[in-house]
Every structure is written in structure tokens, then in C-alpha cells.
Amino acid sequence: MTDYRNLFNEIAYIFPDSIRSGMENVMKRPDITEIRFRMGLPLMVRTLAGDYYFQRDGLLSREDHRAYLVSTETIQRIFQKICQYSVFAYKEELKEGFITLKGGHRIGLCGKIYYDAEGMRQIQQISSMNLRIARQFRGCSEAFFPFLIHEKDFFNTLLISPPGGGKTTYLRDLIRMISDGTPDFPGKHISVVDERSEIGNRSGTVEGFYLGKRTDLMDHCPKAEGLLMMLRSMGPQVLAADEIGDAKDIDALRYIRNCGCQLLMTVHGYDLKDILKRPFLGPYLEQYPFDRYVIIRVKDGGERHIQIYNKMQQIVWTT
């Protein structure tokens, strides 16, 4: 489990002095998933148990009458710090609507959209920010990993959960287990395409999250392009990526499925019926169903409930 001090040190620099000490208290909670800044509105902290309002002393409350109100100055200061006072240097990230921090934490941005002379969109006049906390929980997948393998083979697997459900956390752990192996499963060479620098966080000279000794990571690369590059250059036995779904992703998967490489992917969704209705993903799954579908849901109180289905959409394991 990530030590809260290390976690706080990774993101402390973005907080104004007025809330920094209070945020350190908040980070002691192991179930925090998001921190939301909205101009002129209460600062909110999202946990697995629900939403809370932040107070200056770091206490969290269900009531908003003592909540810290996010000012224009707070938004501007945080934005300057995450851009390291150089908006131009982060032009490409801003075009996508988010910036990834050290540690794999991602800040989503909302404001007014402008288009430059080349037709490239840029976000300006930032009015809302969503800091998504990245954590590594080694061993969180151990209970159901045996249902994703058969002897020496790994099943094509798709993780499904709504936003904030933990699919990227489980993805990291499964990558590690596939790579290092277990007493009953020999390790596999696995290539990971990390489009948003969230899975491995190996930017610069920072080692980032541990993903196993047989893992190759392509960082900050579009999924479709990266998957095909890794297939051709690294000879993986398993390919992994997060949040698939658009037409380019599906075209890449269609090609890969005919090349003898196994897949480990995630997608936002609530259940199988939900994703089977998607315009590109649905038809693909009808033709090339995954061997295993791992459905992750968060119950009231923050407990995660997991169900695993086979390609015939029959339950093979549940918590």
C-alpha cells in the first residue's frame, strides 16, 4: 500500500499554503480517489464511501456550511504550478484536457475552449479541476487471478468498471502478476501502452510503479499506435492498455487478435450489457469475445464487489 507521506509529497507542491496542512491530514485516508476544485464552490473530496466537503483544518464533513470555498486565485495558482509556470510547455497535454503529475496522479481541467490558427484546441480560463489519486495496491488481484489463467496460458481479459471504480489499480497489479509469475503460473513478457502516464508513471528518470521484471512500458503514446509498435518491436506474449473504446483502438485489437498475442485491457462501463451497446466495442466483442470479463463495482461504504464472466457470459467467480 502507498505510504500517505510519499503520496502527499508527490502532490503537496500544487496546493496553496492556505490548504496544504489540511490536505496532508486528508491524505491519511486510504480510500481517497479524487479532489475536486470548482471556482466559487466548496472544495470536495471523493472517497470510496462517498463525497465530503473539505474544511481548512483538514476535517471532512457531509455538511457544506464550513467548507472551504475555492477562489479564482486558488484555481490560478494550482494551474500555474501543475504547468510549472509554462503553459506552452504543456500545450499537448492541455489539448487533451488533463496533466499527469509525478506519481501517476492526473488532473482533469475544465474551462473555455479556444482554437488556434492551426485548429488545435486549447483550454483557457480554467474553472474546474479534478485531481485523481493514483495508488498501487500489490496483491489486490491475487484472489481472482487463478480464474484468469489456464495452466501456462493467460486468458484474454477485459476489466470493466465505472469511473473511480479501481480498474487501473487492478490493471497494475495484474500486469505485475503476469510479468513476475506465481507458483502456478510462469511469468510472461508483457508490453504496456500507457497513453496517460498513469499505469507505470516511468517518466524521466523516475522508476514509478513496479510492474514486474518482464514488463516493457511505452509511455505517453496513443493506444492504437503504441499497441502495434509494441507488437512489432518487443515480441510480447501479452499486451496491456487502459480505457480502450474508439475506432482506432478496435482496429488495432482486431489486428492483434490474429497474431497470437493475449490481451489485458480496461474499459469504462457498468456491466457487459453496457459495453456491448458501444458503437465500436460492441460489434468487436460480438466477433472476438474476451475469454474473461472482470466487472468491478463499488458498494456502499467503499467495498469493491467483483464478478468474472467467461466468453459465454456465464459467471465463473464472484466475491
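First, the ground rules. The model is predicted, so to speak of local features I need pLDDT of at least 70, and side-chain atom pairs count only at pLDDT 80 or more, while totals for chains, interfaces and linings use all residues. Residues are numbered from 1 along each chain as its sequence is written, and side-chain values use heavy atoms, with hydrogens and water left out.

Let me start with the cores. A nonpolar core here is a set of buried Ala, Val, Leu, Ile, Met, Phe, Trp, Tyr and Cys residues joined through side-chain atoms within 4.5 Å, where buried is under 20% relative accessible area, exposed is over 50%, and partly exposed is in between, with a 1.4 Å probe and protein chains only. The largest core has 35 residues, and Phe15, Phe37, Leu43, Ile82 and Leu109 touch the most other members. At least two residues each come from helices H1 (4-11), H2 (17-26) and H3 (72-82) and from strands S1, S6 (106-115) and S7 (121-132). Helices (H or I, at least four residues) and strands (E, at least two) are DSSP runs, numbered from the N terminus. A second, separate core has 29 residues, including Val193 and Leu272.

Take Leu109. Leaving out residues up to four places away in sequence, its contacts (heavy atoms within 4.5 Å) include Phe79, Ile82, Ile123 and Met129.

Now Met39. It sits in the loop between strand S1 (32-38) and strand S2 (44-47). Beyond four places in sequence, Met39 touches Val70, Ser71, Thr72, Ile75, Ile126 and Ser127.

On a 1 Å grid over the protein atoms alone, a cavity is a set of points where a 1.4 Å probe fits but cannot get out; a pocket is an open set with protein on both sides within 12 Å along at least five of seven lines; lining residues have an atom within 4 Å of a point. Points join across faces, edges and corners, and volume is the space filled by probe spheres set on them.

There is one cavity of 30 Å³ or more. The largest cavity holds about 50 Å³, and its lining includes Val193, Asp194 and Lys223.

The largest pocket has about 420 Å³. Of its 23 lining residues, Thr33, Ile133, Gly166, Thr169 and Arg304 are the closest to its centre. Helix H5 (167-180) and S1 each give two or more residues to that lining, and H5 gives the most, with four.
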